[in-house]
Amino acid sequence: MSLFEEVRKRRTFAIISHPDAGKTTLTEKFLLYGGALQLAGSVSAKKKQRQVTSDWMDLERQRGISISSTVLNFSYNGYIINLLDTPGHQDFSEDTYRTLMAADSVIMLIDNAKGVETQTRKLFEVCRMRKIPVVTFINKMDRFGKEPLGLLDEIEQHFGIKTYPFNWPIGEGEFFKGVYDRIHKTIHLFEKTEHGKYKAPMQVSSLNDEKVRELLPGELYSQLVEELEILDIAGSEYSHDTYLDGDLTPVFFGSAMTNFGIEQFLNHFLELAPAPQSKKCRVNGLVHPADDGFSGFIFKIQANMDPNHRDCIAFLRICSGSFERNMAVEHPKTGKTVRLNYSHKLFGQDRETIDQAFAGDIIGFSYNKEPLSIGDTLSIKPCQYEMIPPFPPEMFALVRNKNPDKFKQFTKGIRQLALEGVIQVLHFEDDLGQTGMILGAVGQLQFEVFQYRLQTEYNIEIELNFMPEYTHARWIHGPAEKIETMYWQYSAKKVTDSHDRLMALFQGEWSIDYMQEKNPDIEFLKVPPTDT
Ligand code: G4P
């Protein structure tokens, strides 16, 4: 098979959701259709499946290892699927954001009773920033929830994008009978069985078809006809380009637990979702995924916690060409050659040695000496992909070294862990000219991992004093003379990041708004300014 055909088959995506919306369940069902798991539905099978996707993370957590976002790789209907796993609420960290950098598209999963929730909103913002195409799946239709039309409105209002429902639910809660496919004009009715069996889809010429009337109770039929009419009159038109630009989200309704609508959803999604696309390279313009020179970028680094082996695993998204085990590639940042010999294909916790992979795939490889860091490009031809930006931290803690005699070791550890992206390190100077260090993170777990690793790998004890009053951080950008004389609100804290860029910590959105009002010539940015 040609490289072009290999690339065209690949779909690399992530599922974003708020905890409990049903991401694990939906992932399990995808794996089931992909033949990667045998049984779905029974409690024992479910437990086994969960080990694949999440339990091993608990194990890692008990051992204090950084929580990984990895990838599930399986094939389905001629597609090769790379499903990037983004950890749930308690595991939320910058890793979760960075994983989205390796995805070509995203499924946004929403609980029909809860609608748009905070975690989904945060992750969606990253998709928006990167213009990642998003398909929405509204889950748990077998339970009573919000009105479907109201949910569309909620998504449009919250995210400022258009929605286009590809299917429409027929009833809800215990009266959820199936879905109407608006594209193929087919009705899919389901039966609630242990393994989520469904009746064969039934082609209908139109909603006036006698068969539809016979199949649905009168009230459900009228409701369906009415709602579809509303969609036709008041809804958006579907435009695939607008979806690819991230300005429209195709919406599907279903129930992951009972399998209602899942197979149809997966089939539609794989058709809609883009295969790997060309990527901007700072050296020689756009790089096409089917270009024969291998290239990729590192989006995650995980230290191996086995004290006998101080190696790390880097997770690399292949952007062009093909990979072969033992291949030697350039690390443009240092000009050195890196040999990718211990490379793995990942399936949850299992690591299988991989001999070949193609653009769109994710590989993990071990290394122990090279100074690799997140965002680094590895390639055969000269290439340098865009950096992965840091995200504004939302949790902060003052850090103090309990063993001042080990200052060198403390500095070395902090530098290395910051390089790996475990945490962000910010510096400040107080009124007396004393300097100090603040750790910034987007999830609590990052502090725990940081503390654990400093202790086990560098033998350094630290004290953390949390600063719950600060909840927002922004990079400050503007003309130097304006920054010098800018107004600082009493409650805002001036800090610099590890690249010496000026930032401010705030106690809430209101504080950012106030500072913005007082300093109209200055920008308060969620990502570092590009000219720094
Ligand atoms: P998460 O990974 O997003 O956190 O969610 P997860 O799949 O673990 O699902 C959270 C809860 O929602 C689970 O119930 C799960 O069974 C349920 N759920 C998922 N999809 C559906 C659906 O389509 N319909 C209904 N009614 N429930 C759904 P639990 O009671 O917390 O766990 P369990 O005992 O069922 O495993």
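Guide: What follows is a look at the ligand site, then at one pair of helices. The model is predicted.

Start with the shell. The ligand is surrounded by 16 residues. Asp20, Lys23, Thr24, Thr25 and Asp142 are the closest. By class, the shell holds 7 charged, 5 polar and 4 nonpolar residues.

Which helices each supply at least two residues of this shell? They are H2, spanning 23-33, and H3, spanning 43-62. H2 gives the most, with 3 residues.

Take the oxygen atoms of the ligand. A side-chain N or O atom of Thr25 is 2.5 Å from an oxygen atom of the ligand. Thr25 is also listed among the closest residues. Gly22 uses its backbone instead: an N or O atom there lies 3.0 Å from a ligand oxygen atom. Arg143 faces a nitrogen atom of the ligand, with a polar side-chain atom 3.1 Å away. How much of the ligand does the protein bury? Alone, the ligand exposes 710 Å², and 72% of that is buried by the protein.

Next, the helix pair. Two packed helices are described by an angle and a distance, both taken between their axes. Here the pair is H4, residues 94-101, and H5, residues 118-130. The angle is about 35°. The axes are 10 Å apart. The crossing of H4 past H5 is right-handed.

Which residues meet there? H4 brings Thr96, Tyr97, Leu100 and Met101. From H5 come Lys122, Leu123, Val126, Cys127 and Arg130. By class, this contact counts 6 nonpolar, 2 charged and 1 polar residues.

The ligand shell has 7 charged and 4 nonpolar residues, whereas the contact of H4 with H5 has 2 charged and 6 nonpolar.

Technical notes: Residues are numbered from 1 along each chain as its sequence is written. This is a predicted model: local features need pLDDT of at least 70, side-chain atom pairs count only at pLDDT 80 or more; totals for chains, interfaces and linings use all residues. Side-chain values use heavy atoms; hydrogens and water are left out. Axes are lines fitted to C-alpha atoms, for helices over the stretch in contact, and angles run from 0 to 180 degrees between N-to-C directions. Helices (H or I, at least four residues) and strands (E, at least two) are DSSP runs, numbered from the N terminus. A crossing is left-handed if the near helix is turned anticlockwise from the far one by less than a right angle, and right-handed if clockwise. Contact means heavy atoms within 4.5 Å. Ala, Val, Leu, Ile, Met, Phe, Trp, Tyr, Cys and Pro count as nonpolar, Asp, Glu, Lys and Arg as charged, and the others, Gly among them, as polar. A residue is near a molecule or strand if one of its heavy atoms lies within 4 Å of it. A polar contact is a pair of N or O atoms within 3.5 Å; within protein, one must be able to donate a hydrogen and the other to accept it, and residues adjacent in sequence count only if both atoms are side-chain atoms. Accessible areas come from the Shrake-Rupley method with a 1.4 Å probe; for residues, only the protein chains shown count as cover.
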